[in-house]
Amino acid sequence: MTVIIFLLYQSYFSDKQILERRSKDDKLDSRGRDLLDLCISNQIRILNGRVLGDTFGGLTCYTPNGASTVDYVLVMESIQNQILYTRICNFIPTLSDCHCLLEWSLSAKYCLKTDCDSVKTHKMSPGFIWSDDSPALFQDALFTAEIQQRLDKFLKLEPIDSQNAIDSASLELTDIIITAANISLKRRKAQTGRGLNTKSGLTVILHICEKNLFSYGKIYSRFPRDPAVKGHYYKLQRLYTKARKHKYREYKQSLLKQIETLHEENPKQYWQLIDELQGKEKDDKSALVAPFDWLNRFKNLTEPKD
């Protein structure tokens, strides 16, 4: 096996001149050798420590046993010249337990071709609150001088005998209706989703622990071999984990109490809470039909059948 690998190294043909790879992790184990053999046999290149943005081969994994490089960006040799940069981001404790985020950019040229290139879509009208007084208010808005002037101009348009004329007239009429609605009706406020911190019941103390851990993670990524920095970081991590688990238990207990009380006292709010816990949204857009599907559907209805 050793002879075969040696011959592979000697007879390997590289069609591109590449820089020698650098790495702050100077240890090579059996898995590292297997990875190198895989790259050599398939003309795959490791970007870590070789491309602009990570020319020194930074460390990517931080554990209590030490820091090392175990995360790599691999590309085929044929597209290596299209790589713009590679960067190892700072260690973020709340993103991963021990791994850093690897970021890279690829220069590419592509063109998406679809069947609905000729279909023109328009933005949906904003949502308005419709109440018992809305019809009268909307009619009053239609009789204002501005709206009446635009309606008279719309009625005097030239004969609509082309698709472009139909689209222009439709947009103008829609804009008139929306303008009248903005004058007379109230719009719905954008619903802001409940963030993770609110849902999990995080308090100010937990926010402080998270902030300290995040800030010290940057220091740890700069000095991974300093025993004092390493010990203090994992002390902060233990404190944060303990506080997070405690608050999460409190959050679950408060949910159970709400479910028990709301089931009898307020069924509507009870089912709203159940929907929130299940991740259901009021306006489910997953079943919406694409515009070109509507267009093809109605086109097929008007075509003569055989």
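The model is predicted: local features need pLDDT of at least 70, side-chain atom pairs count only at pLDDT 80 or more, and totals for chains, interfaces and linings use all residues. Residues are numbered from 1 along each chain as its sequence is written, and side-chain values use heavy atoms, without hydrogens or water.

Start with the whole protein. The protein holds 10 helices and eight strands. Of the 306 residues, 25% are buried. Here buried means under 20% relative accessible area, exposed over 50%, and partly exposed in between, with a 1.4 Å probe and protein chains only. The accessible surface comes to about 23,800 Å², computed by the Shrake-Rupley method with a 1.4 Å probe. Carbon and sulfur atoms own 55% of that surface. Among contacts with a separation of 6 or more, 69% join residues 24 or more positions apart; a contact means heavy atoms within 4.5 Å.

Now follow helix H8, residues 227–265. Its 39 residues should span 57 Å at 1.5 Å a residue, the expected span being 1.5 Å times one less than the number of residues. The end C-alpha atoms are 57 Å apart, so the two values agree. At the start of H8, a side-chain oxygen of aspartate 226 comes within 3.0 Å of the backbone nitrogen of alanine 228. The buried residues of H8 include Val229, Leu236, Ala243, Leu255 and Leu262. Tyr233 and Tyr234 are also among them.

Rings of Phe, Tyr and Trp (its six-membered ring) pair if their centres lie within 6.5 Å; planes under 30 degrees apart count as stacked, over 60 as edge-to-face and the rest as tilted. The count comes to nine aromatic pairs. Tyrosine 233 is buried at 0% relative accessibility, and tyrosine 234 is buried at 10%. Ring pairs join both to Tyr62, Phe91 and Tyr220 in a cluster.

Turn next to charge. Side chains of opposite charge can pair when their charged atoms come close. A salt bridge is a side-chain nitrogen of Lys or Arg within 4 Å of a carboxyl oxygen of Asp or Glu. The whole structure has five salt bridges. One joins glutamate 77 to arginine 45, at 2.8 Å from N to O. This pair links distant parts of the chain, 32 residues apart: glutamate 77 lies in the loop between strands S4 (74–76) and S5 (83–88), arginine 45 in strand S1 (residues 44–46). Both residues are buried.

Glutamate 103 bridges to arginine 87, with the closest N and O atoms 3.3 Å apart. Glutamate 103 sits in strand S6 (residues 102–106) and arginine 87 in strand S5, 16 residues apart. Glutamate 103 is partly exposed at 27%, as is arginine 87 at 36%.

Glutamate 250 meets lysine 247 at 3.5 Å, N to O. The two lie three residues apart in H8, about one turn of the helix. An α-helix has 3.6 residues a turn, so residues three or four places apart point the same way. Glutamate 250 is partly exposed at 37%, whereas lysine 247 is buried at 16%. Elsewhere, salt bridges that share partners join Arg150, Glu172 and Asp175 into one network.

Terms used. Helices (H or I, at least four residues) and strands (E, at least two) are DSSP runs, numbered from the N terminus. A polar contact is a pair of N or O atoms within 3.5 Å; within protein, one must be able to donate a hydrogen and the other to accept it, and residues adjacent in sequence count only if both atoms are side-chain atoms.
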